[in-house]
Amino acid sequence: NYMNRITHFEIQADDLERAAKFYTDVFGWEIKKWDSPAMEYWMIMSAPQDSKEPGINGGMHKRPVPLAEGQCGCNAFVCTMVVDNYDAIAEKILASGGKVAMPKFDIAGMAWQGYFIDTEGNTFGIHEVKQKTN
């Protein structure tokens, strides 16, 4: 009996090696090329195999058509990563070639959220839950 949960994500990239380096450098993901004669596909492990941390793993493949130039809306689901330290990860994103899409903002005093664009033009978010101080 399935509950229709998201179980896999995919990133489209113009340069798969550049994208793999970006996500490995920023989030520490393990990204490996999958040996498939059918298509070039890279597997993304966002946590070790035996991790009990909630989350999903994904994959990456060549973008089938070019992105539109300049600003454009997103035509896919935007994934957000929960991080321990928003500012430290934001710094890594920028140092690794990413750009700010929507600056850091406060979500009702509970968390910090913001959106970035990776080296391939894809939008993603980061989210830091604020520690309660009572």
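Which residues have the most contacts inside the largest nonpolar core? In this predicted model, the largest nonpolar core comprises 24 residues, and those with the most contacts inside it are Phe27, Trp29, Met60, Phe124 and Ile126. Two or more residues are given to this core by each of the elements β1, α1, β3 (41–45), α2 and β8 (123–129), and it is α1 that gives the most, with 7 residues.

The two helices named among these elements also pack against each other. The axes of helix α1 (residues 16–27) and helix α2 (residues 86–95) come within 9 Å and cross at roughly 155 degrees; since angles over 145 degrees count as roughly antiparallel, α1 and α2 are therefore roughly antiparallel to each other. Their crossing is right-handed, and the contact is formed by Phe22, Asp25, Val26 and Phe27 on the side of α1 and by Ile89, Lys92 and Ile93 on the side of α2. By class, this contact has 5 nonpolar and 2 charged residues, with no polar residues.

Phe124, when neighbours within four places in sequence are left aside, is in contact with residues including Phe22, Tyr23, Phe27, Ile93 and Asp118; Val78, Cys79 and Met81 are also among the contacts of Phe124.

Ile11 lies in strand β1 (residues 8–13) and is buried, with a relative accessible area of 9%. When residues up to four places away in sequence are not counted, Ile11 touches Tyr23, Trp29, Ile44, Gly59, Met60, His61, Asp118 and Asn122. By contrast, the C-alpha atoms of Ile11 and Asp106, which are 95 residues apart along the chain, are separated by 27 Å.

Methods:
Residues numbered from 1 in each chain as written. Predicted model: local features only at pLDDT ≥ 70, side-chain atom pairs only at ≥ 80, totals over all residues. Heavy atoms only, no water. Axes fitted to C-alpha atoms, helices over the stretch in contact; angles between N-to-C directions. Helix = DSSP H or I, 4+ residues; strand = E, 2+ residues; numbered from the N terminus. Parallel < 35°, antiparallel > 145°, perpendicular 65-115°, else oblique. Left-handed = near helix turned anticlockwise from the far one by under 90°. Contact = heavy atoms within 4.5 Å. Nonpolar A, V, L, I, M, F, W, Y, C, P; charged D, E, K, R; others polar. Buried < 20%, exposed > 50% of the residue type's maximum accessible area, 1.4 Å probe, protein only. Core = buried A, V, L, I, M, F, W, Y, C linked by side-chain atoms within 4.5 Å.
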